[in-house]
Amino acid sequence: VDLFLRHNYKQLIIASIITSGASAAILNVLGPSIIAHLGGGQVSLHILTYASIANILMSVFLANSIFMIFLGRVKLLAVMAIISAAIVVVGGLFLGRSGFENIVFAYLASTIIAAASSTAYMLKILDKAGSRLFARYI
C-alpha cells in the first residue's frame with residue numbers, strides 16, 4: 001500500500017507541475033499580445049510572469065493538500081494555509097507601499113513557503129502512509 005500511495009503521489013505532483021507549467025508557459029507567450037490589446041504595459045507583464053510562477057507553486061501546494069486531506073492531516077494543512085495567507089496580507093501591505101506591482105512578490109513568497117513546507121511534510125508522512133491510511137479508514 002505504501003508503494004501504491006507513493007507512486008500516486010508522485011504522479012499527482014508531476015501532473016500538477018506539467019499542467020500548471022504548460023498553462024503558465026502558454027500564458028506568458030500569449031500574454032504580451034493580450035495585455036497590449038487591452039492597453040496594459042510592462043508592469044502588467046512583470047506581474048503576469050511572477051504570478052504564473054507562483055501559480056505553479058500553488059498547484060504543488062494543492063496537490064499536497066489533496067493527499068494531506070486523504071491521509072487525515074487537515075489541522076497542519078490549515079496552519080500552513082493560514083501562515084501563507086498571513087504572508088500575502090502582511091507582505092502585500094508592506095510591499096504595496098513601494099508600488100502595487102510589488103504585491104506579487106508577497107504572493108510568490110507565500111506560495112514558495114506553502115509548496116516547500118507541504119512537500120517536506122508529505123515526504124515525511126509518506127514513509128508510513130499505508131499505516132496512516134488504515135488507521136484513518138479501517
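**Reading an aromatic cluster and a helix pair**

Modeller: In this predicted model, ring pairs join Tyr9, Phe67 and Phe70 into a cluster.

Biologist: How many aromatic pairs does a search of the whole structure find, and what describes a pair of aromatic rings?

Modeller: A pair of aromatic rings is described by the distance of the centres together with the angle of the planes. The search of the whole structure gives 3 aromatic pairs. One of them, formed by tyrosine 9 and phenylalanine 67, is edge-to-face, with 5.4 Å centre to centre and 75 degrees between the planes.

Biologist: Which parts does that pair tie together, and is tyrosine 9 buried or exposed?

Modeller: Tyrosine 9 lies in helix H1 and phenylalanine 67 in helix H2, so the pair ties together parts that are 58 residues apart in sequence. Tyrosine 9 counts as buried because its relative accessibility is 7%, and phenylalanine 67 counts as buried at 9%.

Biologist: Which residues touch the most other members of the largest nonpolar core?

Modeller: That core has 18 residues, of which Tyr9, Met68, Leu71 and Met122 touch the most other members. Helices H1 (2-38), H2 (42-70), H3 (74-96) and H4 (103-125) each supply at least two residues of this core.

Biologist: At what angle do the axes of H1 and H2 cross, and is the crossing right-handed or left-handed?

Modeller: The axes of H1 and H2 come within 9 Å and cross at roughly 160 degrees; because angles over 145 degrees count as roughly antiparallel, H1 is roughly antiparallel to H2. The crossing of H1 and H2 is right-handed, and the contact of H1 with H2 has 17 nonpolar, 12 polar and no charged residues.

Technical notes. Residues are numbered from 1 along each chain as its sequence is written. This is a predicted model: local features need pLDDT of at least 70, side-chain atom pairs count only at pLDDT 80 or more; totals for chains, interfaces and linings use all residues. Side-chain values use heavy atoms; hydrogens and water are left out. A nonpolar core is a set of buried Ala, Val, Leu, Ile, Met, Phe, Trp, Tyr and Cys residues joined through side-chain atoms within 4.5 Å. Buried means under 20% relative accessible area, exposed over 50%, partly exposed in between (1.4 Å probe, protein chains only). Helices (H or I, at least four residues) and strands (E, at least two) are DSSP runs, numbered from the N terminus. Axes are lines fitted to C-alpha atoms, for helices over the stretch in contact, and angles run from 0 to 180 degrees between N-to-C directions. Angles under 35 degrees count as roughly parallel, over 145 as roughly antiparallel, 65 to 115 as roughly perpendicular and the rest as oblique. A crossing is left-handed if the near helix is turned anticlockwise from the far one by less than a right angle, and right-handed if clockwise. Ala, Val, Leu, Ile, Met, Phe, Trp, Tyr, Cys and Pro count as nonpolar, Asp, Glu, Lys and Arg as charged, and the others, Gly among them, as polar. Rings of Phe, Tyr and Trp (its six-membered ring) pair if their centres lie within 6.5 Å; planes under 30 degrees apart count as stacked, over 60 as edge-to-face and the rest as tilted.
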